[in-house]
Amino acid sequence: MHYEHLITIEPGKRGGKPCIRGLRITVYDVLEYLAGGMSEAEIVADFPELTADDIRACLAFAADRERRLLSIPA
């Protein structure tokens, strides 16, 4: 998934953390909700400004960031 048009980083918003479409909801927030057991439908119900594509963009962003981490040799 191409998330570049959905995930934004603005220095003056939420401390420069990656946010969804310029909203004040961060990628971290969404990942925390998912990790805490909330379903995609529950997140969208609590935050109607979000879409299922926004949530998938957060997952794609996190996966991409993880892929870019350097491996530590054993």
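Searching the whole structure turns up seven salt bridges, a salt bridge being a side-chain nitrogen of Lys or Arg within 4 Å of a carboxyl oxygen of Asp or Glu. This is a predicted model, in which local features need pLDDT of at least 70 and side-chain atom pairs count only at pLDDT 80 or more, while totals for chains, interfaces and linings use all residues. Residues are numbered from 1 along each chain as its sequence is written, and side-chain values use heavy atoms, with hydrogens and water left out.

Select E10 and K13 to begin: their side chains meet in a salt bridge at 3.7 Å, N to O. E10 is partly exposed at 34% relative accessible area, whereas K13, at 19%, counts as buried (buried means under 20% relative accessible area, exposed over 50%, partly exposed in between, with a 1.4 Å probe and protein chains only).

Next, select R56 and E40, which form a salt bridge with their closest N and O atoms 3.8 Å apart. Because R56 lies in helix α3 (residues 52-68) and E40 in helix α2 (residues 40-46), the pair ties together parts that are 16 residues apart in sequence; helices here are DSSP runs of H or I, at least four residues, numbered from the N terminus. Both partners are partly exposed, R56 at 38% and E40 at 31%.

Finally, select R68 and D64, whose salt bridge has its closest N and O atoms 2.9 Å apart. Both residues lie in helix α3, four residues apart, about one turn of the helix. R68 is exposed at 62% relative accessibility, whereas D64 is buried at 10%.

Technical notes
Helices (H or I, at least four residues) and strands (E, at least two) are DSSP runs, numbered from the N terminus.
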